[in-house]
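Visitor: I'm new to this one. Could you show it to me and walk me through it?

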Amino acid sequence: MNLLILIAADLAAIAVLTFGLYLRRHRRRDLVVSYVGMNVGVFAVATMLAGSTAGIGLGLGLFGVLSIIRLRSTELAQHEVAYYFSALAIGLIAGLGSEPLWLPLALLALILGVMAAVDHSRVLSAYRHQNVVLDQGIADEALLYRRLAEVLGARIHSATVLELDLVNDRTIVEVRYEAGRRSAGTGEVAPRHTAALQEAGLPGEPPAGTVTAAAAVPATSPASVPSGAAVSSGAVPAVS
């Protein structure tokens, strides 16, 4: 009776993990097949090993080798690796079983609850990571951080130079930043880099109320323009 309950619990848990969470959020069908197939296979073998003299250690060792091969065969994002091992853990917990029965069921619910929470789109949604190619060779770290803050319009937390090409004037940087902290075209550097920027003669952040050069051009009233003077479209006449 307990075995039937664990089979049903395993199938329900892997369905929620793959179809309810992963597929709905990330839309990658091939990994859904991988997660479900691996989970059912792990559950079946773990159930057999639980009542066998071969030992649980041998079975876990075999699955460890298979998981390494699987992860090295294709490039997976870190959240996909988390789903992969969650599916593996669900199969092992349900397959090995435990007394009392509520313990494996509670552990399955814990895995699903944690994955549902930490992979939610609202959790740390502003924290991002990407590779940025700059059309300028920047060797100075302070200048680099300031440039990235201006380009991304975000708070820069770390930047690792992957390639610095001074001949072709190009810099490839791996950037970790927090989006949404500033409006487009402006940025903010993490506090630990502000001192380095000031040493380089660059402000860590524009002072409050600072306006751009375009906005600083004074408006000229019609009364100050000499009568009969021709003014070209878009040009501001000089005023004595």
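Predicted model: local features only at pLDDT ≥ 70, side-chain atom pairs only at ≥ 80, totals over all residues.

Visitor: Let's start with Arg 147: is it buried, partly exposed or exposed?
Guide: Buried here means under 20% relative accessible area, exposed means over 50%, and partly exposed lies in between (1.4 Å probe, protein chains only). Arg 147 has a relative accessible area of 29%, so it is partly exposed.

Visitor: Which residue does Arg 147 form a salt bridge with?
Guide: A salt bridge is a side-chain nitrogen of Lys or Arg within 4 Å of a carboxyl oxygen of Asp or Glu. In this pair the closest N and O atoms are 4.0 Å apart. The partner of Arg 147, which is in helix H6 (residues 141–152), sits in the loop between strand E1 (127–134) and H6, 12 residues apart. That partner is Asp 135.

Visitor: Is Asp 135 buried or exposed?
Guide: Its relative accessibility is 61%. By that value, Asp 135 counts as exposed.

Visitor: How many helices and strands does the protein chain have?
Guide: Helices (H or I, at least four residues) and strands (E, at least two) are DSSP runs, numbered from the N terminus. Along the protein chain the elements run α-α-α-α-α-β-α-β-β-β-α. That comes to 7 helices and 4 strands.

Visitor: Within what arc do the buried residues of H2 fall?
Guide: H2 covers residues 29–50, and its buried residues include Leu 31, Tyr 35, Met 38, Val 42 and Phe 43. They line one face of the helix, because, seen down the axis, the directions from that axis to the C-beta atoms keep to a limited arc. An α-helix has 3.6 residues a turn, so residues three or four places apart point the same way. The arc for H2 is 155 degrees.

Visitor: Which residue just after H4 takes a positive phi?
Guide: H4 runs over residues 78–96. Just after H4 comes a residue with a positive phi of about 65 degrees, and it is Gly 97.

Methods:
Residues numbered from 1 in each chain as written. Heavy atoms only, no water. Expected span 1.5 Å × (residues − 1).
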